[in-house]
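This briefing goes through selected packing and surface features of the structure shown below, grouped by topic.

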Amino acid sequence: KNNKIVFALLIILLFASKLRFYGLEIQSLWVDEISTWYVSGKNDLSEVIATVRASRNEATPPGYFVLIYFVEKYVGDSEWVLRFPSAVAGVLSVLVIYLLGRRLYSSREGLIGAVLLAVLWTPIYYSQEARAYSLLLLFTLLATYFWVAVVRDLALRSRVSTYEALGYVLSAVAASYLHYFGLYLIGLQGLGALLLGVRR
């Protein structure tokens with residue numbers, strides 16, 4: 001049974017990869033992607049951060065632009081290269097939603113979630129765009145995956161797993177620095193864990 005699940009998940013991930021990586025370079029950068037290219041293409045990292053903070057068009061934390069700064073500096077700035085991190089994040093999101101579904105319910109529900117995320121239009125669209133949204137999806141899913149474990153530990157045991165806590169902190173920080181929506185979600189998760197702790 002485990003072999004069948006692994007095989008099914010691999011097929012889903014391959015299909016998700018096909019949908020996300022095919023044609024990454026076909027369309028030219030559009031307005032928001034050009035903004036990504038411009039902001040991240042500064043001479044040094046401090047200038048990138050300062051530009052994000054001063055920009056009215058980029059009302060987001062600087063995390064994504066810092067990532068793309070290193071991509072442009074060490075890999076290149078073609079359409080395919082700039083969109084590559086989003087495509088990778090899109091595929092990894094399919095894997096993480098499987099893990100989250102399995103943690104909450106079972107492998108069956110995890111596979112259903114993975115199939116849906118693999119073929120839905122919006123996640124595919126943002127996986128082919130040089131913007132933060134695909135990475136935001138990945139790290140909010142990761143934060144939720146670890147948050148569920150932390151909450152269960154708080155509810156059923158007297159101590160939280162160090163591995164789960166560290167995973168949550170890292171993914172929560174990443175989500176918060178990618179977009180303010182990520183920060184809002186992390187705040188809600190923290191509030192939920194706090195209320196559970198008070199109830200105990």
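Helix α3, which spans residues 45-54, has V48, T51 and V52 among its residues, and these three are buried. They lie on the same side of α3, because the arc they cover around the axis is only 100 degrees. The model is a predicted one, and the values below are to be read with that in mind.

- On the face of α3 that is turned away from its buried side, the exposed residues are S46, R53 and A54.

**Nonpolar cores**
- The largest nonpolar core comprises 36 residues, and those with the most contacts inside it are I12, Y64, V94, Y98, L111, Y168 and I186.
- Two or more residues of this core are given by each of the elements α1 (2-21), α4, α5 (79-104), α6 (107-119), α8 (133-156) and α9 (162-178).
- Another core, made of five residues, lies apart from the largest one and includes V48, V52, F65 and Y69; of these, V48 and V52 are also among the buried residues of α3.
- Y98, which is listed with the residues that have the most contacts inside the largest core, touches I5, L9, S107, G110, L111 and A114 when residues up to four places away in sequence are not counted.

**V96 in helix α5**
- V96 is located in helix α5, and it counts as buried because its relative accessibility is 6%, where the cut-off for buried is under 20%.
- When its neighbours within four places in sequence are left aside, V96 is in contact with L138, L141 and L142.
- The C-alpha atoms of V96 and T140 are separated by 10.0 Å, although the two residues are 44 residues apart along the chain.

**Nonpolar surface patch**
- W30, V31, W121, Y125, Y126 and Y133 together make a nonpolar surface patch of about 650 Å².
- Helix α7 (residues 121-127) contributes the largest share of the nonpolar patch, with three residues.
- Y126, whose place is in helix α7, counts as partly exposed because its relative accessibility is 30%, which falls between the limits of under 20% for buried and over 50% for exposed.

Technical notes: Residues numbered from 1 in each chain as written. Predicted model: local features only at pLDDT ≥ 70, side-chain atom pairs only at ≥ 80, totals over all residues. Heavy atoms only, no water. Buried < 20%, exposed > 50% of the residue type's maximum accessible area, 1.4 Å probe, protein only. Helix = DSSP H or I, 4+ residues; strand = E, 2+ residues; numbered from the N terminus. Arc of directions from axis to C-beta. Patch = residues over 30% accessible without salt bridge, like charges linked within 9 Å, V, L, I, M, F, W, Y side chains within 5 Å. Areas by Shrake-Rupley, 256 points an atom, 1.4 Å probe, with all protein chains shown as cover. Salt bridge = Lys/Arg side-chain N within 4 Å of Asp/Glu carboxyl O. Core = buried A, V, L, I, M, F, W, Y, C linked by side-chain atoms within 4.5 Å. Contact = heavy atoms within 4.5 Å.
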